[in-house]
Amino acid sequence: MMIAPKNNVRPKIGPLAGRIDELGRVLLPVTIVASDGFELELEALVNLQFTGSLVIPEQLAASIGWRCLGARRVMMGTDIKVVSHYLGLVSLGMQHQDVCVLGGTDDRCVIGQRLLKGRELTVNFTSGRLFLSEEKLHP
Amino acid sequence: MATKKVKKLSGDLTKEELDTACFPVFEKLLHELGPRYRDWIVMIEPDSKDYFLGQDDHEVLARARKKHPKGRFFAYRLNENPIVDTI
(Lines give C-alpha, C1' and ligand atoms only; values in the text may rest on other atoms or scores of the structure.)
Protein backbone atom coordinates (compact mmCIF):
# COMPACT_ATOMS: atom_id res chain seq x y z
CA MET A 1 0.00 0.00 0.00
CA MET A 2 1.28 3.46 -0.90
CA ILE A 3 1.70 5.79 2.04
CA ALA A 4 1.13 9.49 1.51
CA PRO A 5 4.01 11.77 2.47
CA LYS A 6 3.58 13.55 5.76
CA ASN A 7 3.17 16.95 4.14
CA ASN A 8 0.11 15.60 2.25
CA VAL A 9 1.60 16.35 -1.17
CA ARG A 10 0.52 13.69 -3.64
CA PRO A 11 3.36 11.77 -5.23
CA LYS A 12 3.70 12.34 -8.97
CA ILE A 13 2.39 9.36 -10.87
CA GLY A 14 1.92 9.01 -14.63
CA PRO A 15 -1.55 8.84 -16.19
CA LEU A 16 -3.58 5.67 -15.73
CA ALA A 17 -4.20 3.89 -19.03
CA GLY A 18 -7.50 2.27 -19.91
CA ARG A 19 -9.11 0.92 -23.06
CA ILE A 20 -12.20 0.99 -25.21
CA ASP A 21 -13.70 -2.45 -25.75
CA GLU A 22 -15.30 -3.87 -28.88
CA LEU A 23 -18.70 -2.46 -27.81
CA GLY A 24 -17.27 1.05 -27.47
CA ARG A 25 -17.36 1.01 -23.68
CA VAL A 26 -14.75 2.99 -21.80
CA LEU A 27 -12.89 0.83 -19.26
CA LEU A 28 -10.38 1.71 -16.54
CA PRO A 29 -8.49 -0.51 -14.09
CA VAL A 30 -9.39 0.02 -10.43
CA THR A 31 -7.81 -1.64 -7.40
CA ILE A 32 -9.94 -2.66 -4.44
CA VAL A 33 -8.45 -3.63 -1.08
CA ALA A 34 -9.95 -6.58 0.81
CA SER A 35 -10.42 -6.45 4.58
CA ASP A 36 -7.24 -8.57 5.00
CA GLY A 37 -5.20 -6.12 2.87
CA PHE A 38 -5.18 -8.23 -0.29
CA GLU A 39 -5.38 -6.03 -3.41
CA LEU A 40 -7.50 -6.99 -6.38
CA GLU A 41 -7.40 -5.20 -9.73
CA LEU A 42 -10.66 -5.03 -11.68
CA GLU A 43 -11.61 -3.49 -14.99
CA ALA A 44 -14.51 -1.10 -14.50
CA LEU A 45 -16.84 0.59 -16.92
CA VAL A 46 -16.81 4.40 -16.85
CA ASN A 47 -20.40 5.64 -16.62
CA LEU A 48 -20.63 9.42 -16.48
CA GLN A 49 -24.33 9.21 -15.62
CA PHE A 50 -23.51 7.44 -12.37
CA THR A 51 -23.40 10.09 -9.63
CA GLY A 52 -21.59 7.91 -7.06
CA SER A 53 -18.02 6.55 -6.88
CA LEU A 54 -18.00 2.84 -7.60
CA VAL A 55 -20.25 -0.18 -8.03
CA ILE A 56 -18.87 -3.69 -7.57
CA PRO A 57 -20.84 -6.95 -7.56
CA GLU A 58 -22.44 -7.52 -4.17
CA GLN A 59 -21.08 -11.07 -3.99
CA LEU A 60 -17.55 -9.78 -4.57
CA ALA A 61 -17.92 -7.20 -1.79
CA ALA A 62 -18.97 -9.97 0.61
CA SER A 63 -16.18 -12.30 -0.53
CA ILE A 64 -13.45 -9.72 0.18
CA GLY A 65 -14.77 -9.20 3.69
CA TRP A 66 -16.37 -5.78 3.31
CA ARG A 67 -19.18 -5.38 5.84
CA CYS A 68 -22.50 -4.25 4.42
CA LEU A 69 -23.37 -0.95 6.12
CA GLY A 70 -26.97 -0.85 4.95
CA ALA A 71 -28.62 0.23 1.74
CA ARG A 72 -30.06 3.07 -0.30
CA ARG A 73 -32.47 3.70 -3.15
CA VAL A 74 -30.90 4.30 -6.55
CA MET A 75 -32.37 5.07 -9.96
CA MET A 76 -31.30 2.44 -12.51
CA GLY A 77 -32.63 3.42 -15.91
CA THR A 78 -36.31 3.98 -15.22
CA ASP A 79 -36.45 1.65 -12.18
CA ILE A 80 -35.86 2.45 -8.53
CA LYS A 81 -33.79 -0.28 -6.85
CA VAL A 82 -32.52 -0.79 -3.34
CA VAL A 83 -28.78 -1.55 -3.27
CA SER A 84 -26.30 -2.24 -0.47
CA HIS A 85 -23.60 0.26 0.41
CA TYR A 86 -20.11 -0.26 1.83
CA LEU A 87 -17.12 1.83 2.83
CA GLY A 88 -14.16 0.42 0.94
CA LEU A 89 -10.54 1.23 0.23
CA VAL A 90 -9.93 1.65 -3.51
CA SER A 91 -7.29 3.08 -5.80
CA LEU A 92 -7.70 4.56 -9.26
CA GLY A 93 -4.06 4.79 -10.33
CA MET A 94 -3.00 6.90 -7.38
CA GLN A 95 -3.22 6.87 -3.59
CA HIS A 96 -5.74 4.61 -1.94
CA GLN A 97 -8.89 6.34 -0.79
CA ASP A 98 -11.87 5.34 1.30
CA VAL A 99 -15.02 5.67 -0.77
CA CYS A 100 -18.66 4.76 -0.58
CA VAL A 101 -19.12 1.68 -2.79
CA LEU A 102 -22.46 0.30 -3.97
CA GLY A 103 -23.25 -3.39 -4.38
CA GLY A 104 -24.33 -4.25 -7.90
CA THR A 105 -26.77 -6.98 -8.81
CA ASP A 106 -24.82 -8.11 -11.91
CA ASP A 107 -21.13 -8.85 -12.48
CA ARG A 108 -20.17 -5.39 -13.77
CA CYS A 109 -17.97 -2.85 -12.00
CA VAL A 110 -18.85 0.78 -12.67
CA ILE A 111 -16.86 3.94 -12.01
CA GLY A 112 -18.91 7.10 -11.52
CA GLN A 113 -18.48 10.86 -11.40
CA ARG A 114 -17.37 10.99 -7.76
CA LEU A 115 -14.28 8.82 -8.29
CA LEU A 116 -13.25 10.91 -11.31
CA LYS A 117 -13.61 14.23 -9.51
CA GLY A 118 -10.49 16.41 -9.88
CA ARG A 119 -9.08 14.20 -12.64
CA GLU A 120 -8.77 14.62 -16.39
CA LEU A 121 -10.11 11.79 -18.56
CA THR A 122 -8.89 11.75 -22.16
CA VAL A 123 -10.60 9.33 -24.55
CA ASN A 124 -9.25 8.79 -28.04
CA PHE A 125 -11.79 6.87 -30.10
CA THR A 126 -9.42 6.75 -33.07
CA SER A 127 -6.67 4.87 -31.27
CA GLY A 128 -9.02 3.18 -28.77
CA ARG A 129 -6.91 4.39 -25.87
CA LEU A 130 -7.71 6.49 -22.85
CA PHE A 131 -5.84 8.10 -20.01
CA LEU A 132 -6.82 9.37 -16.61
CA SER A 133 -4.53 11.93 -15.05
CA GLU A 134 -4.49 14.62 -12.41
CA GLU A 135 -6.39 17.69 -13.59
CA LYS A 136 -4.19 20.24 -15.33
CA LEU A 137 -4.25 23.68 -13.83
CA HIS A 138 -4.85 26.23 -16.55
CA PRO A 139 -3.65 29.79 -15.95
CA MET B 1 -51.15 -21.31 20.83
CA ALA B 2 -50.31 -17.63 20.89
CA THR B 3 -47.14 -16.65 19.08
CA LYS B 4 -44.94 -13.83 20.20
CA LYS B 5 -43.76 -11.51 17.45
CA VAL B 6 -40.07 -10.76 17.90
CA LYS B 7 -38.78 -7.52 16.39
CA LYS B 8 -35.76 -8.08 14.16
CA LEU B 9 -32.64 -6.03 14.77
CA SER B 10 -31.23 -4.04 11.85
CA GLY B 11 -28.44 -6.60 11.33
CA ASP B 12 -31.04 -9.27 10.51
CA LEU B 13 -33.10 -7.17 8.09
CA THR B 14 -33.00 -7.47 4.32
CA LYS B 15 -32.35 -4.28 2.30
CA GLU B 16 -36.05 -3.87 1.65
CA GLU B 17 -36.97 -4.47 5.31
CA LEU B 18 -34.36 -1.90 6.32
CA ASP B 19 -36.03 0.61 3.97
CA THR B 20 -39.45 -0.22 5.44
CA ALA B 21 -38.12 0.22 9.00
CA CYS B 22 -36.41 3.55 8.26
CA PHE B 23 -38.92 5.20 5.93
CA PRO B 24 -41.30 6.44 8.66
CA VAL B 25 -38.33 8.14 10.36
CA PHE B 26 -37.33 9.66 7.03
CA GLU B 27 -40.86 11.02 6.45
CA LYS B 28 -40.78 12.70 9.85
CA LEU B 29 -37.34 14.18 9.14
CA LEU B 30 -38.43 15.37 5.70
CA HIS B 31 -41.23 17.29 7.35
CA GLU B 32 -38.97 18.73 10.08
CA LEU B 33 -35.68 19.27 8.26
CA GLY B 34 -36.60 19.21 4.56
CA PRO B 35 -37.13 22.96 4.11
CA ARG B 36 -33.72 23.76 5.64
CA TYR B 37 -31.60 20.84 4.43
CA ARG B 38 -33.20 20.07 1.08
CA ASP B 39 -31.25 17.50 -0.99
CA TRP B 40 -28.85 16.66 1.87
CA ILE B 41 -28.18 12.99 2.62
CA VAL B 42 -29.66 11.42 5.74
CA MET B 43 -28.61 7.98 7.08
CA ILE B 44 -30.97 6.34 9.56
CA GLU B 45 -30.16 3.61 12.07
CA PRO B 46 -33.52 1.86 12.63
CA ASP B 47 -32.96 0.36 16.11
CA SER B 48 -32.01 3.61 17.86
CA LYS B 49 -33.75 5.90 15.29
CA ASP B 50 -30.51 7.92 15.27
CA TYR B 51 -29.95 9.86 12.09
CA PHE B 52 -26.88 11.43 10.49
CA LEU B 53 -27.10 14.38 8.13
CA GLY B 54 -24.60 15.75 5.62
CA GLN B 55 -23.91 16.54 1.99
CA ASP B 56 -21.28 13.84 1.35
CA ASP B 57 -22.53 10.26 1.61
CA HIS B 58 -19.08 8.87 2.40
CA GLU B 59 -18.57 11.32 5.26
CA VAL B 60 -22.08 10.70 6.65
CA LEU B 61 -21.74 6.91 6.45
CA ALA B 62 -18.32 7.05 8.17
CA ARG B 63 -19.79 9.19 10.96
CA ALA B 64 -22.75 6.82 11.36
CA ARG B 65 -20.45 3.78 11.53
CA LYS B 66 -18.31 5.49 14.17
CA LYS B 67 -21.37 5.96 16.42
CA HIS B 68 -22.82 2.50 15.66
CA PRO B 69 -19.88 0.21 14.73
CA LYS B 70 -22.18 -2.77 14.20
CA GLY B 71 -25.13 -0.82 12.82
CA ARG B 72 -26.72 -0.76 9.38
CA PHE B 73 -28.12 2.42 7.91
CA PHE B 74 -30.58 3.32 5.21
CA ALA B 75 -29.71 6.40 3.17
CA TYR B 76 -32.19 8.87 1.69
CA ARG B 77 -31.91 12.22 0.01
CA LEU B 78 -34.00 14.82 1.83
CA ASN B 79 -36.62 15.58 -0.77
CA GLU B 80 -39.87 14.10 -2.06
CA ASN B 81 -37.90 11.71 -4.28
CA PRO B 82 -35.39 10.20 -1.81
CA ILE B 83 -33.13 8.53 -4.38
CA VAL B 84 -29.47 8.98 -3.43
CA ASP B 85 -27.71 8.00 -6.69
CA THR B 86 -28.48 7.54 -10.35
CA ILE B 87 -26.75 4.76 -12.30
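User: In this predicted model, is Arg72(A) buried or exposed?

Analyst: Within the predicted model, the relative accessible area of Arg72(A) comes to 0%. Buried is the class for values under 20%, and therefore Arg72(A), at 0%, is classed as buried.

User: In which strand of chain A is Arg72(A) found, and with which side chain of chain B does the side chain of Arg72(A) make a polar contact?

Analyst: Arg72(A) belongs to strand β5 of chain A, which covers residues 70-76. Inside its own chain, the side chain of Arg72(A) is joined to that of His85(A) by a polar contact of 3.1 Å. Residues that Arg72(A) touches in chain B include Met43(B), Phe74(B) and Val84(B). The side-chain polar contact across to chain B, at 2.8 Å, is with Asp57(B).

User: Which three residues supply 27% of the area that chain A buries against chain B?

Analyst: Between the two chains, 30 residues of chain A are in contact with 26 residues of chain B, and the area buried between them is about 2,500 Å², with 56% of it from carbon and sulfur atoms. Of the part that chain A buries against chain B, 27% comes from three residues, more than from any other three, and these are Arg72(A), Arg73(A) and Leu87(A).

User: How many charged residues are in the lining of the largest cavity?

Analyst: The structure holds 1 cavity of 30 Å³ or more, and the volume of the largest cavity is about 30 Å³. Its lining draws on both chains, with Arg72(A), Arg114(A), Asp57(B) and Asp85(B) among the residues. Sorted by class, that lining has 2 nonpolar and 2 polar residues, while the number of charged residues is 4.

Key: Residues numbered from 1 in each chain as written. Chains lettered and ligands numbered in written order. Predicted model: local features only at pLDDT ≥ 70, side-chain atom pairs only at ≥ 80, totals over all residues. Heavy atoms only, no water. Helix = DSSP H or I, 4+ residues; strand = E, 2+ residues; numbered from the N terminus. Buried < 20%, exposed > 50% of the residue type's maximum accessible area, 1.4 Å probe, protein only. Polar contact = N/O pair within 3.5 Å; in protein donor to acceptor, adjacent residues only side chain to side chain. Contact = heavy atoms within 4.5 Å. 1 Å grid on protein atoms, 1.4 Å probe; cavity = no way out; pocket = protein on both sides within 12 Å on 5 of 7 lines; lining within 4 Å. Points joined across faces, edges and corners; volume = space filled by probe spheres on them. Nonpolar A, V, L, I, M, F, W, Y, C, P; charged D, E, K, R; others polar. Buried area = accessible area lost by both parts, 1.4 Å probe. Lists of a residue's contacts leave out its neighbours within four places in sequence.
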